[in-house]
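Biologist: Hi! Could you walk me through this one?

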Amino acid sequence: MKGFIDCHCHISATDFDNDIEDVIKNSKQAGILAIVAVAEHAGEFEKIIQLSERFPDFVWPCLGVHPVQGVPPDPQRGATVEDLNAALPLIEKYKDRLLAIGEVGLDFTPRFVSSDAGKDEQRMVLIKQAEIAKRLDLPLNVHSRSAGRPTIHLLKEQGVEKALLHAFDGKPSVAMEGVKAGYFFSIPPSIVRSEQKQKLVKQLPLENMCLETDSPALGPEKQVRNEPRNITVCAEFIAKVKGIPLERVMEVTTQNALRLFPKLQACFRL
């Protein structure tokens, strides 16, 4: 089976409202087999479900509460248990449709959380969502900005076995702790301009790598809307860094995604 899986994409972003049909069409033409659509807050849950119904067996929904909350014009801040409580009824309502719980995680960027209490609140929100994922037998789609080691340690402490760490910004040595735990790491197109991501890819085993675009963010060019079709950019760059054929990157990362997200397997008749 030839094709890519975009393992972390914000296809519900308002950036795509005016040309979603073209974006999906271009994604398929670029060889994408499936888009894993992640949420950030409860306000976009219904939209993600609707997109999964509009593009069945192509857009796959994940619902979760991101560690940074606050929709403009409100200021951004760390997630609280109240944010999660508001989201729980919808997660429960759509639980049978979900591919994963996400986007969840920790974000210790100082402008979002500056106190130990704020960090502890984020940890509690992640722990509760890890419990939901285990109960529903779903993987976690994980954010870990400025919190790579604490995130991996918490996942391990909670007995999480299936997790994707998206756009990991930590050191390769920290990522290897996640590799030992059996976690996967997805690489975005911004690798072409990120020395940190390039170092990460050099050390990560291909068997623990997936592809993502994080569209509309993390594209090959700063301040330019990223699209799922740019999945080829990260695949080609990984092939270059690893010194292996592009087809090998496509094959292994897609198989990794299918192992991580078992519900996709039935769709592709594997």
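Modeller: Asn-141 lies in strand β7, residues 140-143 (strands are DSSP runs of E, at least two residues, numbered from the N terminus). This is a predicted model, where local features need pLDDT of at least 70, side-chain atom pairs count only at pLDDT 80 or more, and totals for chains, interfaces and linings use all residues. Residues are numbered from 1 along each chain as its sequence is written, and side-chain values use heavy atoms, leaving out hydrogens and water.

Biologist: Is Asn-141 buried or exposed?

Modeller: Asn-141 is buried, with a relative accessible area of 0% (buried means under 20%, exposed over 50%, partly exposed in between, with a 1.4 Å probe and protein chains only).

Biologist: What does the side chain of Asn-141 reach?

Modeller: The backbone oxygen of Cys-7, at 3.0 Å. Asn-141 also touches His-8, Glu-103 and His-166, among others beyond four places away in sequence (contact means heavy atoms within 4.5 Å).

Biologist: Switching topic, which residues does the UniProt "binding site" annotation cover?

Modeller: His-8, His-10, Glu-103 and Asp-214, according to the unreviewed UniProt entry; positions are in the numbering used here, feature names are shortened, and annotations may be inferred rather than shown by experiment. They are spread over 207 residues of sequence, yet cluster in space, with a largest C-alpha distance of 10.8 Å.

Biologist: And where do His-8 and Glu-103 sit?

Modeller: His-8 is in strand β1, residues 4-9, and Glu-103 is in strand β6, residues 100-105. His-8 counts as buried at 0% relative accessibility, and Glu-103 is buried at 1%. Glu-103 is in contact with His-8, and also with His-10, among others.

Key. Helices (H or I, at least four residues) and strands (E, at least two) are DSSP runs, numbered from the N terminus. A polar contact is a pair of N or O atoms within 3.5 Å; within protein, one must be able to donate a hydrogen and the other to accept it, and residues adjacent in sequence count only if both atoms are side-chain atoms.
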